[in-house]
Amino acid sequence: MKKLADTITQNLIQEVKQGVLISLDFILSKYEKNDIFAYVLYIDDYCQYLGWAANTISHYETLKQSLPTEEHAFIKWYYSEFSIGTGEGPDEIDKPFNQDIQKILDEVQNLIDDENFEIIQANVYDSIIEGFKLAIYETNKDNIENITFYVSLADSDNAEIMENYSAEKLNSAEKFLLFKNRYS
């Protein structure tokens with residue numbers, strides 16, 4: 001089975017890092033730092049696109065007033081219900097995702113076949129997490145101390161597995177344990 005070429009994985013890592021830095025900086029400039037509690041990258045099972053989203057306490061508090069109690073935990077952590085994300089900011093904020101990263105993911109699609117799909121999928125996921133981790137490392141820790149970072153899989157039965165796996169890699173042990181028990 002063939003894995004992704006090192007040049008593709010390194011390019012993906014660097015572009016994800018840049019995309020996270022740009023979008024996270026935009027979020028931090030738009031919202032009070034204590035209001036932001038989650039930032040997520042989301043990708044589909046077939047590695048065809050990558051997006052970003054962030055949630056705030058104020059948005060969550062407003063949204064949960066209109067939903068039954070049993071849905072509160074779900075919407076707090078479900079990126080499609082988040083305060084802001086891909087397509088909701090200026091085009092330059094989404095450019096790394098819609099153009100630069102997308103170009104790499106399009107290249108990856110040309111390499112996938114039935115025999116190497118799972119290996120390439122794992123390489124893409126690991127590269128995204130690595131680029132994400134590098135961006136977090138470069139960000140001012142005082143500005144992000146309340147934010148939980150993770151990767152989700154769009155419309156996938158494996159979303160919670162990926163969220164927990166990535167949250168463990170991207171956050172402190174304490175933050176990860178809180179996140180892991182988010183639906184309890």
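What pLDDT does the chain average, and what share of the residues score at least 70? The chain averages a pLDDT of 94, and 99% of the residues score at least 70; pLDDT is the predictor's confidence in each residue, from 0 to 100. This is a predicted model, in which local features need pLDDT of at least 70 and side-chain atom pairs count only at pLDDT 80 or more, while totals for chains, interfaces and linings use all residues. Residues are numbered from 1 along each chain as its sequence is written, and side-chain values use heavy atoms, with hydrogens and water left out.

**View 1. The open sheet has 4 strands in the order E3-E2-E1-E4, with mixed pairing.** Strands (E, at least two residues) and helices (H or I, at least four) are DSSP runs, numbered from the N terminus. Two strands count as paired if DSSP finds at least two bridges between them. The edges of the sheet are E3 and E4, each of which pairs on one side only. Strand E1 (residues 36-44) joins E2 in the antiparallel sense over 7 bridges, and 7 bridges also link E1 to E4, this time in parallel. On the other flank, E2 and strand E3 (residues 84-85) are antiparallel, with 2 bridges. Tyr39 has a bridge partner on either hand: Ala54 in E2 and Phe149 in E4.

**View 2. Strands E2 and E4 are both mostly covered.** In E2 (residues 50-56), 7 of its 7 residues are buried, where buried means under 20% relative accessible area, exposed over 50%, and partly exposed in between (1.4 Å probe, protein chains only). Leu50, Trp52, Ala54 and Thr56 lie on one side of E2, with Gly51, Ala53 and Asn55 on the other. In a regular strand the side chains alternate between the two faces of the sheet. E4 (residues 148-154) likewise has 7 of its 7 residues buried: Thr148, Tyr150, Ser152 and Ala154 point one way, and Phe149, Val151 and Leu153 the other way. E2 is also where confidence in the chain is highest, at a mean of 98, whereas helix H3 (residues 72-77) has the lowest, at 86.

View 3. Because its relative accessible area is 0%, Ser23 counts as buried. Leaving aside neighbours within four places in sequence, Ser23 is in contact (heavy atoms within 4.5 Å) with Tyr39, Trp52, Ile93 and Phe97.

**View 4. Tyr39, Leu41 and Val124 touch the most other members of the largest nonpolar core.** This core has 41 residues; a nonpolar core is a set of buried Ala, Val, Leu, Ile, Met, Phe, Trp, Tyr and Cys residues joined through side-chain atoms within 4.5 Å. At least two residues come from each of H1, E1, E2, helix H4 (91-109), helix H5 (117-138), E4 and helix H7 (159-170). Apart from it lies another core, of 15 residues, among them Ala53, Tyr60, Ala154 and Ala167. Beyond its neighbours within four places in sequence, Leu41 has contacts that include Val16, Val20, Phe97, Ile128 and Phe132. H4 lies across E1 and E2, running at about 145° to E2; axes are lines fitted to C-alpha atoms, for helices over the stretch in contact, and angles run from 0 to 180 degrees between N-to-C directions.

**View 5. Cys47 and Asp155 each take a positive phi.** Cys47 is found in the loop between E1 and E2, a hairpin with 5 residues between the strands. Its phi is near 60°, a positive value in a residue other than glycine. Asp155, in the loop between E4 and H7, has a phi near 50° and is likewise not a glycine. Are these two residues buried or exposed? Cys47 is buried, with a relative accessible area of 0%, whereas Asp155 counts as exposed because its relative accessibility is 74%.
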